[in-house]
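Subject: Model for you, with notes on one interface

Hello,

The structure we discussed is below. Please look it over alongside my notes.

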Amino acid sequence: MGSNGGQDLQVLIERFEQGHATAAARLITILENGGEPAESVMDRIFPKARGAYRIGFTGPPGAGKSSLVLHISQLLRRRDVQIGVIAVDPTSPFSGGALLGDRIRMQRLTGDPGVFVRSLASRGSLGGISNCTDEVADLLDAFGKEMILIETVGVGQSELEIAETTHTVVVILVPESGDGIQAMKAGLMEIGDVFVMNKADHPDSELAAKEIEDTLRLKNVPDGAWIPPVVLTSALEGRGIKELAESIEKHHRYLEEEDRLVEKRRRILRSRVRSAFMDRMERKIWDDPSVREILSERIGDVYEGRLSPYRLVQELEKRVKIE
Amino acid sequence: MANLDYLEDLGFPGEFPFTRGVYPTMYRGRFWTMRQFSGFGTARDTNKRYHFLLDHGQTGLSVAFDMPTIMGYDSDHERSEGEVGRCGVAIDSLRDMEIHFDGIDLAKITTSMTINAPASILLAFYLCTGEGKGTGFDQMGGTIQNDILKEYIAQKSWIFPPEPSMRIITDILAFCSDHVPRWNTISISGYHIREAGSTAAQELAFTLADGFAYVEAGIAAGIDVDTFAPRLSFFFNAHLDFFEEIAKYRAARRIWAKRMRDMYGAKDPSSWLLRFHTQTAGCSLTAQQPENNIVRTAYQALSAVLGGTQSLHTNSMDETLALPSEKAVRIALRTQQLIAHETGVANTIDPLAGSYFIEAKTREMEEKAQEYFRKIEELGGVIKAIEKGFFQKEIGRAAYEYQKAVEERRKVIVGVNRFKLEGEKLEIPILKIDHQVELDQREAVRKLREERDNDKVARELERLKETAAGPDNLMPVILDCARCYCTEGEIIQVLKEVFGEYQEPPFF
Amino acid sequence: MGKKIRVLVAKPGLDGHDRGAKVVANALRDAGMEVVYTGLHQTPEMIAESAIQEDVDVIGLSILSGAHLTMFPRLVELLAERGADHIKIIGGGIIPDEDIARLEEMGVSRLFGPGTDTRDIIEFIRKSCADSVS
């Protein structure tokens, strides 16, 4: 970007506002790269976000997330809804590189200006999405997209951050290999608003769906609270897509009643601010030379057993001044 | 060698389990078939070439199709642009097939067609061409590759998802058993699996696993195993590791014979025989110092012969650069003739039998294959393993591993990472492809659509759609579609509407 | 976080020979790049749209079918039309010298022949990205 970065940014924003995809894509890159430039972009973009509805798709690898995102996108496009899709793939912890392959599944969306698909690498984030997913969603929102579909990494770790990013979380499972149990362990049962049992042609699919339903019913829910439905789909044949879309809409309508959506949006924003603040504080603290100095001086004492780790923490804490 | 039971594990040539070869006399009775594969341009061009070959005593023809034909697009489809007649002949309808075999008696020759996803349609075009000449279905002989599983695994020329593809194949098996008994219905191919980067053990295991899947599908469709199994044949790669390749062929025969007899209950001894064609490894050839490829190919060809192949294609030295020149093709053929007539290796049947190293290596290959069969079984069979990307990932990993080994010089490639010629200039011969072929072919389809009885076309396509959605054999209705000049693309389109299209998930 | 090099790897045309494309994609990933892999049977239109939305620095095409003289120029044209001519195009496959010269004149950055070391490709991409990010 060089010395005239500010001016370049101005040009980019203007082109973005005129609806140029190249400018939107470049701004996303700036958001991904973070730092001061990303914050400047957010200053300009955030006020323009119109409150697009955000839907998360999560589940174990091979459950059919991309295919369902494709089908739902196609259905929404037939209703002329503007779509943004964010697909996250894992960054290799060894090389820092990534293979982003989700577009392969979305090829039928090519050539439709009403769809913008972007692949993100997780870049070290462990929560199933990239750290800049919220910002990229804001940008697509400001670009005029009405629905943002976000697909998590899907490597089977606990990918729970999606619940702090989207309004409806769709958890996709398959009947094989005890997905239901895995889902419970990974905490997916707590975050799902809609559950999908994909590969409905599998002989065990109905039984597996029933198990999920039973588990959900065991939870203590207050009267009038949302009870997540379980939808049977076949992403390969495109069956059950209408039902899935209806369930998502139903949840959307449920949120719109009694200001639940407003509350949820507030909660999501609060959690964003909190985590951005924590990130910044953390960086600030670790960048402080006196903190580093004390740490390297005193760690030997901890090693020798002369000092407990917690005493050292207290010493460090004294150095931190929050202004 | 410990635990080697001579009769149980080796046997005599031509006897169970056929480790030492499928025929008792092998090349002492008759050499392998030297079958060089080629094809180009329009049906008219190829027809002229065929007449030339037949006049010179060749009795078998081998057809290479262009990419649009392989992928089920007519020549006038937008996806065909720039690819019509490029790496094979363009066939859009029965009309083109009639021109392709104009003046050729289909009762007197056999034809091998390298076609997979649309194999049923090209077979129908061929049978109808014969029918038009008054040749009965039972008089025609030949081969279709028709091995869709290796397309998902390696070659990637698929159209429909795996399950409907398997249904089309069992329809072909059943139809040919009843009506076209001289036809070889599937050429189960490891060649492309190896070219995509697999190891020898993977090639062996994945190819045989595909073979088992076809046999199981045939049995499940209610066809007697002994009516179709003798019509299955194999197609392997001959790569550089000389003894490993020989062991691969020997292990393949043994595994197949045992499995066919003991597991699938085949009673006809010809169902037990693994007969195979071999092609030398195109992917082993280098663009650098291309003459070295003659030597590579010669050793590969020798391994196939010592391994007991039934037919062989030797690659030309310039194939990494462009389509081969006449001289290069001649040298490739001469390589085979040299092995047959000058080296004397054909005088002895399975001369390596009993060598400790060869027998141990053969057993090692067999064990590695069995290990893979277990894994595939655990994943729920070949189709499930394809859907999970098992083969694709295994092959991709092996290919990347190989590339790294070459770059780190753990593996020496003469002329590429060692013994290089400084300042070598790669002279790539220009392959002139006349764009006129594409224009002519497009015009021909357009004309065909104008001239034929389009009401009949619509009716037959409708009937095709109904049949595809139901349980009946597809072949009779595809033949009816062919007879009234439905194009390949039209037939495929109807089937896509019923069966859907396959899309490969990203596997790394 | 800092800038990562983003590369789109695609395989245009109807043939399915993706061994080379996949090997290169793996090598670039292991070199720390973010590789958008769009796979087989891509048209120039699909490639241009993906490259733009993904804001890649480089597009790498693997062409073996002999269609390079239609594929590359069409892609160059499409990128220019959409104001994305900053994206560099590289390719691999069997391409005669005469055509290489023509394609490089038309705006293709570099073509790699058979037997190329993936480290040469990595180095070329790093260098050309360093030149453009000033």
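An open sheet of 6 strands crosses from one chain to the other in this predicted model, in the order 3(A)-2(C)-1(C)-3(C)-4(C)-5(C), and the pairing is parallel. Strands, like helices, are DSSP runs numbered from the N terminus (E, at least two residues, for strands; H or I, at least four, for helices). Two strands pair if DSSP finds at least two bridges between them. The edges are strand 3 of chain A and strand 5 (110–112) of chain C; each has a single partner strand, so one side of each lacks a neighbour in the sheet. On average, neighbouring strands are turned by 25° against each other, direction ignored. The angles use axes fitted to C-alpha atoms, for helices over the stretch in contact, and run from 0 to 180 degrees between N-to-C directions.

Where the chains join: strand 3 of chain A runs parallel to strand 2 (residues 34–42) of chain C, with 3 bridges. There, A:Leu99 has C:Val35 as its bridge partner.

Now the interface. Chain A gives 31 residues to the contact and chain C gives 30 (heavy atoms within 4.5 Å). The two chains bury about 2,600 Å² between them, 49% of it on carbon and sulfur atoms. That is accessible area (1.4 Å probe) lost on being put together, summed over both parts. Of the area that chain A buries against chain C, A:Leu99, A:Arg103 and A:Arg123 supply 23%, more than any other three residues.

There are 5 salt bridges between chains A and C (Lys or Arg side-chain nitrogen within 4 Å of an Asp or Glu carboxyl oxygen). One joins A:Arg123 to C:Glu34, with the closest N and O atoms 2.7 Å apart.

On the side of chain A that touches chain C, helix 2 (21–33), strand 3 (98–100) and strand 4 (115–121) each give two or more residues. Helix 2 of chain A has the largest share, 7 residues.

Housekeeping: residues are numbered from 1 along each chain as its sequence is written, and chains are lettered from A and ligands numbered from 1 in the order written. The model is predicted, so local features need pLDDT of at least 70 and side-chain atom pairs pLDDT 80 or more, while totals for chains, interfaces and linings use all residues; side-chain values use heavy atoms, leaving out hydrogens and water.

Best wishes
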